[in-house]
Amino acid sequence: MTAAHDSAPDAPVPMHLRLVSSENHAPSERSAEPPRNGTAPAQAAPVSEEEFRRALAVHAAGVVVVTARPEGVPVGLTATSFSSVSLDPPLVSFYVAQSSTTWPALRLADHFAVNVLAGDQADVAARFAKKDIDRFAHPTRWSDGPRDVPLLHDVSAHLICRPHHTVEVGDHILVVGLVTSTSVSPAGRPLLYHKGRFGRFLPY
Ligand SMILES: Cc1cc2nc3c(=O)[nH]c(=O)nc-3n(C[C@H](O)[C@H](O)[C@H](O)COP(=O)(O)O)c2cc1C
């Protein structure tokens with residue numbers, strides 16, 4: 001798999017990669033593991049923020065926009081942390097930053113949609129990561145789906161989910177959803193994110 005970078009050289013760094021410096025961690029915060037057999041566990045120092053970011057940046061990821069309409073107001077945010085979790089039951093997940101201003105509303109929704117972006121939707125990804133704008137205003141194209149969930153147009157797939165589980169993990173919240181319905185566009189090629197840039201998938 002190769003990702004050809006073709007757009008958005010100034011793409012924003014994902015919020016979930018903006019890390020607190022490990023220099024600020026007290027030694028006691030570095031390991032949650034209790035001592036075993038009376039010996040203290042080896043203290044593995046965390047990598048520096050710079051090193052961690054550089055390593056994560058080479059992992060190409062698909063891009064989704066998670067949408068919902070809690071209390072009648074559409075909300076949504078771009079995420080690369082989307083993942084499948086379980087086949088039976090059908091579970092998927094994403095991570096949202098604890099600092100997200102969208103999460104307090106999103107968490108109230110009884111359903112949400114994962115919109116899997118297509119290769120030509122870098123502009124949609126950038127819009128749903130931008131602060132202080134109406135992400136659903138023109139030129140965003142969307143309509144109401146099942147359970148009033150906002151569905152973005154022209155995406156590769158929609159997965160409608162019921163919230164199943166949330167867990168606080170570090171500075172993020174793991175959100176697991178039970179998939180209740182899906183729709184897939186047969187011609188869909190994915191949008192990818194790699195080294196801070198959007199790109200497309202080129203099959204061998
Ligand atoms: C390519 C890309 C991937 C992102 N992935 C995530 C993610 O997985 N989780 C997350 O919380 N924020 C992610 N963000 C940041 C959010 O889209 C958004 O910018 C951030 O949540 C701030 O908006 P909010 O306050 O409305 O949440 C990503 C941004 C970009 C551009």
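This is a predicted model: local features need pLDDT of at least 70, side-chain atom pairs count only at pLDDT 80 or more; totals for chains, interfaces and linings use all residues.
Because five of the five residues of S3 (residues 64–68) are buried, the strand is largely enclosed by the rest of the structure.

S3 is paired with a strand on either side. Five bridges link S3 to strand S4 (residues 75–79), and the two run antiparallel; within this pairing, Val65 is placed opposite Thr78 of S4. The hairpin formed by S3 and S4 has six residues between the strands, and Glu71 adopts a positive phi near 50° there. The pairing of S3 with strand S7 (residues 112–116) is likewise antiparallel and comprises four bridges. Here Thr67 is located opposite Ala113 of S7.

These pairings belong to an open sheet of seven strands, ordered S4-S3-S7-S10-S11-S6-S5, with antiparallel pairing. From one strand to the next, the twist averages 35°. Further along the order, strand S10 (residues 157–169) and strand S11 (residues 172–184) are joined in the antiparallel sense by twelve bridges. Pro163 has Gly177 in S11 as its bridge partner.

The largest nonpolar core contains 36 residues, of which Val64, Val65, Val66, Phe112, Leu117, Ala125 and Leu191 touch the most other members. Two or more residues of this core are contributed by each of S3, S4, strand S6 (91–97), S7, H3, S10 and strand S12 (191–194). For Val64, the contacts beyond four places in sequence are Ala79, Phe82, Val114, Asn115, Val116 and Leu117.

Helix H3 (residues 122–127) includes Arg127. This arginine, Arg127, has 19 other C-beta atoms within 10 Å and is therefore partly exposed, as burial requires 20 or more. When residues up to four places away in sequence are not counted, Arg127 touches Arg135 and Thr140. The C-alpha atom of Arg127 is separated by 9.7 Å from that of Pro139, which is twelve residues apart from Arg127 along the chain.

Two cis peptide bonds were identified at proline residues. One joins His138 and Pro139, with omega about 10°; Pro139 is situated in the loop between H3 and strand S8 (142–144). Another runs from Asp88 to Pro89, with omega near 5°, and Pro89 is part of the loop between S5 and S6.

Arg147, in the loop between S8 and strand S9 (150–152), has a phi near 60°, a positive value in a residue other than glycine. With 17 other C-beta atoms within 10 Å, Arg147 is partly exposed. Asp154 lies in the loop between S9 and S10 and has a positive phi of about 65°, although Asp154 is not a glycine. Asp154 is also partly exposed, with 14 other C-beta atoms within 10 Å.

Technical notes: Residues are numbered from 1 along each chain as its sequence is written. A residue is buried if 20 or more other C-beta atoms lie within 10 Å of its own, exposed if 12 or fewer, and partly exposed in between; C-beta atoms are placed from the backbone. Two strands pair if DSSP finds at least two bridges between them. Two residues are in contact if their C-beta atoms, placed from the backbone, lie within 7 Å. Axes are lines fitted to C-alpha atoms, for helices over the stretch in contact, and angles run from 0 to 180 degrees between N-to-C directions. A nonpolar core is a set of buried Ala, Val, Leu, Ile, Met, Phe, Trp, Tyr and Cys residues joined through C-beta atoms within 7 Å.
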